[in-house]
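Here is a friendly walk through a structure, in questions and answers. Please keep the model open beside you as you read.

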Amino acid sequence: MKWAFLLLAAFALMGQRDALLVPEVSQHDVQVRQGFTGTELLLFGAVLDPRGRAGQGYDIVVVLKGPTEPIRLREKERFAGVWINAESSDFRSVPSYFAVASSQPIEQIVDQKTAAIYEFGTRYIQLSPSGNINPEDDRRFARGLVDLKQRQGLYKEDMDGVQITQGVLYQARISLPSNVTTGTYTAETFAVTQGRVIASAESQVEVRKVGLEREVEFFSQNFGLLYGALAVLLSVLMGWGAGRLFARL
Amino acid sequence: MDVYLPIANLSVNGLWIVALGALTGVLSGLFGVGGGFLTTPLLIFYGIPPTVAAASASTQVTGASVSGVIAHGKRKGVDYRMGSVMVGGGIIGAGIGALLFRFFRAIGQIDVVINALYVVLLGSIGLLMARESLQLLRGTASKQAARRRHHPLVASLPWRWRFYGSGLYISPLAPALVGVVVGILTMLMGVGGGFILVPAMLYILGMSANVVVGTSLYNILFVTIATTIMHSLTTRAVDIILVALLLIGSVTGAQFGSQLAVRAKPEVLRLVLAAIVLAIAFRMFLGLFYQPDEIYTVYPL
């Protein structure tokens, strides 16, 4: 049903000269509730050439990005035999999540400059380093940060992650782990041919906590004292209850 | 069993967390230590953010010590007067600790400071306890050790009170100072401080051994309540779901622990505790010198 609608929409837009890109995301609203262990998003859609026919030779790249945050990254160094924090570097826009998938390895479809402009890859993420250290240090810190995030499952690259069927329909599966940050995620889709990005489209995915999980977070953020008192009460009651229970046994 | 933790922002296997709680519960009932020095590192190892781990562990210790205090209180194992003096000192200490925490965090050395504190404190206390209990077990020097009274410096402090439960006539300034030190460490290291409190009561204050465990738990109970409130107001890192899971394990564990404690020989208990404390100190010691798994750490701005 959805596919049919997409195709229809694609034909309706046929008058344009650029390639047509009609993207869709399987879920625009990811609900984080009890038992959430992560989820898988399906980014799919259709790509057609300007005359509305199956586009030959198009490559598709999809980029899913989480909300950004400023951070300070510290680096440990050996000092008199002991590992202590030494240098640090600030980054003003670090995405909490970053995934890129493409139908072919990026270096085979675009040059480095284009890849850097469109952030086609974890090494091209625009982290906005600040501070006065030299570019070499910046690169070292950025590599460290990306490596750390990759091992947390929050940054990933899949150079074979987009399947294109019959030159028209494409799909990519991107998994969100349970430790994702809530907020607005942007899913960008790019159609690439002959080393150029010829069409792009963006859609949004809202990741939010619902139900008890949302209440708990809201309560802890806005009523700290009450929340703390409640936590203490829970502890004391459970401890006391167990004591009573065992005394009777 | 997957459980999503709303403050820690990740999903965990609930059964592992309950098992971890049970382990620390047995320790707390058995030795009168809160078990925070074990829970916090293990939670961090599991992947829980360090601040959430430390804050939630302190709340869990509250619950584990309630059942312990009740169990020990029934057999007259708590000196409430001594305990309350220490709590007073502990709350002042927690405030000082919070300031120190902020200072070390600002200069970016908080994790090094915490590691070094663990090594120095756990190492020296573990060695002290191991030596003492080995001597007691072998029968050498057992008479002197059993008759040992409080430290000479304690006797020189003015303004004496009678502490009937502990069998002492000393200045309340001594236990209050002990409380301050423990309070600072509670805030800095995210632990209840029982592993410092118990030896301090035995070797510095010279309290009679049968009230040491109960009084230590009594002090931990109130200091961790204060710490929980402080965390809820500042770091907002107490995860109530994580706390509940840990508690299910630890309150039952604490009951078994305190029943075992009555039956076991105190010298053997102390040797076992010394071994655990030394093992953790040794692990932390290696951590200072070996290349860490993570060279880079992220601090939100």
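Q: At what angle do α3(B) and α11(B) pack, and are they roughly parallel or roughly antiparallel?
A: The axes of α3(B) and α11(B) lie 9 Å apart, at an angle of about 30°. Axes are lines fitted to C-alpha atoms, for helices over the stretch in contact, and angles run from 0 to 180 degrees between N-to-C directions. Because angles under 35 degrees count as roughly parallel, over 145 as roughly antiparallel, 65 to 115 as roughly perpendicular and the rest as oblique, α3(B) and α11(B) are roughly parallel.

A quick note on the model: it is predicted, so local features need pLDDT of at least 70 and side-chain atom pairs count only at pLDDT 80 or more, while totals for chains, interfaces and linings use all residues. Residues are numbered from 1 along each chain as its sequence is written, with chains lettered from A and ligands numbered from 1 in the order in which they are written.

Q: Which class has 10 residues in the contact of α3(B) with α11(B)?
A: Residues of α3(B), including B:S56 and B:G63, meet residues of α11(B), among them B:L246 and B:S250; contact here asks for C-beta atoms, placed from the backbone, within 7 Å. Ala, Val, Leu, Ile, Met, Phe, Trp, Tyr, Cys and Pro count as nonpolar, Asp, Glu, Lys and Arg as charged, and the others, Gly among them, as polar. The contact has no charged residues and eight nonpolar ones, and the class with 10 is polar.

Q: Which helix supplies the largest share of the side of chain B that touches chain A?
A: Across the interface, 46 residues of chain B are in contact with 47 of chain A. Helices (H or I, at least four residues) and strands (E, at least two) are DSSP runs, numbered from the N terminus. With nine residues, the largest share on the chain B side comes from α3(B).

Q: Which strands stand at the edges of the four-stranded open sheet?
A: The order is β8(A)-β6(A)-β5(A)-β5(B), with antiparallel pairing; two strands pair if DSSP finds at least two bridges between them. The strands at the edges each have a single partner strand, so one side of each is left without a neighbour in the sheet: they are β8 of chain A and β5 of chain B.

Notes. Two residues are in contact if their C-beta atoms, placed from the backbone, lie within 7 Å.
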